[in-house]
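Welcome! Have the sequence and the 3D view ready, and let us walk through this protein chain together.

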Amino acid sequence: MEPFRHHVFVCTQQKPEGVTCCPASGSMSILGALHGELGKQGMSDDVQVTTCGCLGLCDEGPIMIVYPGGTWYRKLTPADVPEVVSSHLGAGTAVSRLVWNDPPAMKAMAADHTQKYLAMVKARDEAGVLPDDIYELTRAFMSSRALLTALELDVFSAVADGASAEAVAQKIGAAPRSTVMLLHALAGLQLLEKRDGTFFNSSASARFFTEGSRDNARGGLLHTANLWKRWSTLTDAVREGTAVAPRVRDDAWAKTFIAAMDRNARERAGAVVKAIASPNLRRVLDLGGGSGAYSIALARAVPGLRAEIMDTSEVVPLTQEYIRQAALADRISTSVGDMLSDPLGDGYDLVLVSAICHMFSPDDNRALFERAFNALAPKGQIVVQDFILEPDKTAPRAAALFALNMLVGTTAGSSYSEPEYASWLRDAGFTEVRRVRFPGNPSGLMLGMRAE
């Protein structure tokens, strides 16, 4: 028995640029139009849509198959989708003008494609050609650098609702020759579109990279642009065993860094609050709280909760502005201090240490956990939010790579594993130590209780 009225497969097998494939013919647009039309016609719960790999009929793409019945559609356009949804998926009548019903020709084309593909794989292997995925990995920095430069220059805001290369160059204060080269590269990355000599933002670029957009992420992403300079010193840092680049901590750095941390924290805040919030929470100490995103989320979730955020002198003014915007200045206070040496106070129900431990050495983290233990009331809890590596430290991949980010950016920081965190917490006196995982996210929580 089928759980859905129809099951639709759409080929989305991406192939190297210039090679015929369904995505190159517009299958991703078909997929988006299909989901949109199913929702519009109220059939999202009745039709299962699945993407699939190559069907061997690339020259006839985009290909879509509808079950039951095994009806094959070819050369679809987004304009065809409403008719397919209403007629075939709704009324049960296939759109005959779009149906491909020539099994011998279809089988012959698929078989020919398979033979050519296997021959190509064999020839590349015998010639010792570097696999495409490894080759692309060595050059991935080019796409990243093009986007980061565009963000630094605020190119997407300059493009706005459409602009020529000359107009963009004038707005960003750059040379026309180089500006048009950058715009063409961004169009190649599908971050811009070029029509009749005019450049336009893609829907994603307009949403996430332009001034005035509610979801503009540019401010936080500029922190990634700052990381670029430090990552360029990775080879020397590996040789030396520590960061070799000068450490910059000015107001401009603080603004982009805290914007980036705020974006990350807001993405996780719901899951963190769900894991730790309790009606019994009254006093929270948020060490290195940055934008205050977690304290803000906790204050909104727990009536009567009061939080104190301790951070550095260049960060606290930014923290206060985030708190003001949240209208929680009466419940969240701030203080300037060094969490490793300045008094933390005592009697807290919860001490939150978010995205801090990776900046410190193992010895510093041991000392920090001891100080947090002493700041807690009996039955108080420490919550450590950070990248948490598996015991062999090779996964999650993002956490393993982040260790290198700490290598180039700190004296002795790193990503740490669950066994390391658990050991440090127990040595500090905490009991009931456990890990909370966030599926699909390289970060998580380590929790511990002060029993006495």
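In which helix is Ala237 found? Ala237 is found in helix α11, which covers residues 234-240; helices here are DSSP runs of H or I with at least four residues, strands are runs of E with at least two, and both are numbered from the N terminus. This is a predicted model, in which local features need pLDDT of at least 70 and side-chain atom pairs count only at pLDDT 80 or more, while totals for chains, interfaces and linings use all residues. Residues are numbered from 1 along each chain as its sequence is written, and side-chain values use heavy atoms, with hydrogens and water left out.

Is Ala237 buried or exposed? Ala237 counts as buried because its relative accessibility is 0%; buried means under 20% relative accessible area, exposed means over 50%, and partly exposed is in between, using a 1.4 Å probe and protein chains only. Leaving aside neighbours within four places in sequence, Ala237 is in contact with Thr242, Val244, Leu407 and Val408, where contact means heavy atoms within 4.5 Å. Ala237 and Leu407 are 170 residues apart in sequence, and their C-alpha atoms are 6.8 Å apart in space.

## The chain as a whole

Now for the overall picture. The protein chain has 17 helices and 14 strands, and its C-alpha trace spans about 80 × 60 × 50 Å along the principal axes. Of its 452 residues, 42% are buried. Among contacts between residues at least 6 apart in sequence, 67% join residues at least 24 apart.

The accessible surface comes to about 23400 Å², and carbon and sulfur atoms account for 54% of that surface. Accessible areas come from the Shrake-Rupley method with a 1.4 Å probe; for residues, only the protein chains shown count as cover.

## A sheet of four strands

Look next for an open sheet of four strands, in the order β2-β1-β3-β4 and with mixed pairing; two strands pair if DSSP finds at least two bridges between them. Its edge strands are β2 (47-52) and β4 (71-73), each of which pairs on one side only. From one strand to the next, the twist averages 20°. Strand β3 (residues 64-67) runs antiparallel to β4, and three bridges join the two. Within this pairing, Ile65 has Trp72 of β4 as its bridge partner.

Helix α2 (residues 27-40) lies across β1 (6-11), β2 and β3, and runs at about 170° to β2. Axes are lines fitted to C-alpha atoms, for helices over the stretch in contact, and angles run from 0 to 180 degrees between N-to-C directions.

## An enclosed helix

## Aromatic rings together

Rings of Phe, Tyr and Trp (its six-membered ring) pair if their centres lie within 6.5 Å; planes under 30 degrees apart count as stacked, over 60 as edge-to-face and the rest as tilted. By this rule the count comes to eight aromatic pairs. One of them joins Phe369 and Trp424: the ring centres are 6.4 Å apart and the planes stand at 55°, so this pair is tilted. The pair links distant parts of the chain, with Phe369 in helix α15 (residues 362-375) and Trp424 in helix α17 (residues 418-427), 55 residues apart.

Tyr421 and Trp424 form an edge-to-face pair, 5.5 Å centre to centre with 75° between the planes. Both lie in helix α17, three residues apart, which is about one turn of the helix. An α-helix has 3.6 residues a turn, so residues three or four places apart point the same way. Tyr421 counts as buried at 0% relative accessibility, and Trp424 is buried with a relative accessible area of 3%. Phe369, Tyr416, Tyr421 and Trp424 form one aromatic cluster.

## A histidine beside the cluster residues

Where is His358 placed? His358 is in the loop between β10 (348-354) and α15. His358 is buried, with a relative accessible area of 8%. Leaving aside neighbours within four places in sequence, the contacts of His358 include Asp386, Phe402, Tyr416 and Tyr421.
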